[in-house]
Structure formats: structure tokens, C-alpha cells
Amino acid sequence: MNYIVIFYVIIAVLGVYLMYSAWKMKKTGEINTAMASSEEVRKCRNKAGFIARIYKPTLVFGLVSLAFGVFSFANYMVLHLSRTFEICGMLVFLIVCFWFSKELRARKAEYF
């Protein structure tokens, strides 16, 4: 087994964790430490507003991470599609990753 397969599994698990974190934040009203440190959470001026604004970007990043991890794993193990598929998938994942990072920084600046 190649190490890249482990990378794909980790990305898929990240996606599941992000979606669970978003759901749990919305349900409990508490900010997950994956989004902000405990020190930042104490400084938050509006927890509900932050959670409402970061919920959808977290779900999108989680879904893209899960999809990328699962499809890339399947491609490596079973499908054996072209290298273009891998590159396009990685580009989409990276674009969404950078977008989520930008959204998280913007929401932190707005609410902390």
C-alpha cells in the first residue's frame, strides 16, 4: 500500500470530522476548538452569530474533503482513472481549503 492512500483516508476522515463539528456547534451553541482556540472562544462577542456564519462553509469544506478522500481512494484502488482526474480533484480540494481558511479568518476578525 502506498502512503498516498493513507493521505486520502485522512482527508476523508477530516471531512467527516468537519461535518460533525459543524452539526455539533449548531446543536449545542458552543464553538468547536477546531475553529478557534479556547482563548479566542472566551473573547467571542457573539457565539451564535459566529456559528451561524461559519456553519455552511464548514459543511462545504467537510463535504468536499470527504468526497475528495473517498473518490481519490477509489480511484487509486479500483477505478484507475487518468492522472487528470487526480490533479483536478486536488485542485478543487485546495481551492475549497483556501476558501474555507479565508472565511474562517474573516469570521474570526468579525466576531472575536
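This is a predicted model: local features need pLDDT of at least 70, side-chain atom pairs count only at pLDDT 80 or more; totals for chains, interfaces and linings use all residues.

Colleague: Let's start with Asn75: is Asn75 buried or exposed?

Modeller: The general idea is that a residue counts as buried under 20% relative accessible area. Asn75 has 2%, so Asn75 is buried. You'll find Asn75 in helix 3, which spans residues 47-79.

Colleague: And what does Asn75 touch, not counting residues up to four places away in sequence?

Modeller: Asn75 touches His80, Leu81, Phe85 and Glu86.

Colleague: Now the surface. Which residues form the nonpolar patch?

Modeller: Phe73 is one of them, and Val9, Val13, Tyr76, Leu81 and Phe85 are also among them. Together the patch residues have about 980 Å² of accessible area. Helix 1 (3-28) and helix 3 each supply at least two residues, and the largest share, seven residues, comes from helix 3.

Colleague: On to the inside, then. How many residues does the largest nonpolar core have?

Modeller: That core has 20 residues, and Ile31, Met35, Phe50 and Ile54 have the most contacts inside it. Helix 1, helix 3 and helix 4 (83-111) each supply at least two residues of this core. Helix 3 gives the most, with six residues.

Colleague: What is Ile54 in contact with, leaving aside neighbours within four places in sequence?

Modeller: Ile54 is in contact with Met25, Met35, Phe100, Glu103, Leu104 and Arg107.

How values were computed
Residues are numbered from 1 along each chain as its sequence is written. Side-chain values use heavy atoms; hydrogens and water are left out. Helices (H or I, at least four residues) and strands (E, at least two) are DSSP runs, numbered from the N terminus. Buried means under 20% relative accessible area, exposed over 50%, partly exposed in between (1.4 Å probe, protein chains only). Contact means heavy atoms within 4.5 Å. Patches are made of residues with over 30% relative accessible area and no salt bridge: like charges are joined within 9 Å, nonpolar side chains (Val, Leu, Ile, Met, Phe, Trp, Tyr) within 5 Å. Accessible areas come from the Shrake-Rupley method with a 1.4 Å probe; for residues, only the protein chains shown count as cover. A salt bridge is a side-chain nitrogen of Lys or Arg within 4 Å of a carboxyl oxygen of Asp or Glu. A nonpolar core is a set of buried Ala, Val, Leu, Ile, Met, Phe, Trp, Tyr and Cys residues joined through side-chain atoms within 4.5 Å.
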